Amino acid sequence: MTSTATLPPADTGAPTTRRSSEVDNRAAYASFGLAYLLGHGAAAASHGDTPLLGLPEWLPMTLLGAGLVSGIVLATRAALRAQRGAPAPDVLSGKLLGTAWIAAFTALAIAITGLTSVFDAPELEAVLWPAGSGIIVGLLYLAEGAVRRNVLHYGLGIWLALASAAVLSLEAPGLYWSLAAAGGGAYALATILEVRRLRSLDGPART
């Protein structure tokens, strides 16, 4: 009687390829990082008893908003690109996460409008929008990181949520300097680490 051994598949030498549903966050991270550095940096430089720059009130918020919108668009494009050919459950998860961004920022806008109206303090918008958007983005990153099993994204979400909540105890311009440094620095580091993460998913180079 002859026994037949089951052999492992032969190694063809081909590199391990990245999962098709993997999201490349580099462009979105860079855009969000510029939003923090330019938007919050401009707000910090134009506030205080002796402001460094004489900027119009609308400019810092416009820079921040433009960067955030660009980041959301780039993140959405990256997610849609990753969904091509992905299993149906992954596609559904991506759509639900995309809808969560719209719902979260809509809820934030309603909350800020309500608070500033009830307390008759429109100046609070200059504080609630920067800190609130950081908290929202951080919590969304937590959800996305958990669903996609992306530890870097998850960790960045924790940092953004906690840092954005902590700065509410500061006054301007300290609040804006802190957001620019904590948020902008975190996104710069995340962009570098994202490059390494994607390379690791590509597997060892073929020799």
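In this predicted model, the side chains of Glu144 and Arg148 meet in a salt bridge, with 3.7 Å from N to O. Glu144 and Arg148 are both buried, and both belong to helix H4 (residues 125-148). A search of the whole structure finds 3 salt bridges.

**The chain as a whole**
- The protein chain has 6 helices and 0 strands, and its pattern along the sequence reads α-α-α-α-α-α.
- Of the 207 residues in the protein chain, 36% are buried.
- The protein chain exposes about 12,100 Å², and carbon and sulfur atoms supply 67% of that area.
- Among contacts in the protein chain with a separation of 6 or more, 75% join residues 24 or more positions apart.

**Salt bridges**
- Side chains of opposite charge can pair when their charged atoms come close.
- Glu144 and Arg148 are 4 residues apart in helix H4, about one turn of the helix.
- Arg197 and Glu194 form a salt bridge through their side chains, at 2.8 Å from N to O.
- Helix H6 (residues 174-201) holds both Arg197 and Glu194, which are 3 residues apart, about one turn of the helix.
- Arg197 and Glu194 are both buried.
- Asp24 and Arg26 also meet in a salt bridge between their side chains, at 2.5 Å from N to O.
- Asp24 has a relative accessible area of 22%, so Asp24 counts as partly exposed.
- Arg26 has a relative accessible area of 36%, so Arg26 is partly exposed as well.

**Asn25**
- Asn25 sits in the segment before helix H1 (26-45).
- Asn25 counts as buried because its relative accessibility is 5%, and the cut-off for buried is under 20%.
- Leaving aside residues up to four places away in sequence, Asn25 touches Asn150, His153, Glu194 and Arg197.

**Helices H1 and H2**
- Two packed helices are described by the angle between their axes and the distance between the axes.
- The axes of H1 and helix H2 (residues 58-82) come within 8 Å and cross at roughly 175°.
- Angles over 145 degrees count as roughly antiparallel, so H1 is roughly antiparallel to H2.
- On the H1 side, the residues making the contact include Ala27, Phe32, Leu38 and His40.
- On the H2 side, they include Pro60, Leu64, Ile72 and Ala75.
- By class, the contact of H1 with H2 has 14 nonpolar, 6 polar and no charged residues.

Key
Residues numbered from 1 in each chain as written. Predicted model: local features only at pLDDT ≥ 70, side-chain atom pairs only at ≥ 80, totals over all residues. Heavy atoms only, no water. Helix = DSSP H or I, 4+ residues; strand = E, 2+ residues; numbered from the N terminus. Buried < 20%, exposed > 50% of the residue type's maximum accessible area, 1.4 Å probe, protein only. Contact = heavy atoms within 4.5 Å. Axes fitted to C-alpha atoms, helices over the stretch in contact; angles between N-to-C directions. Parallel < 35°, antiparallel > 145°, perpendicular 65-115°, else oblique. Nonpolar A, V, L, I, M, F, W, Y, C, P; charged D, E, K, R; others polar. Areas by Shrake-Rupley, 256 points an atom, 1.4 Å probe, with all protein chains shown as cover. Salt bridge = Lys/Arg side-chain N within 4 Å of Asp/Glu carboxyl O.
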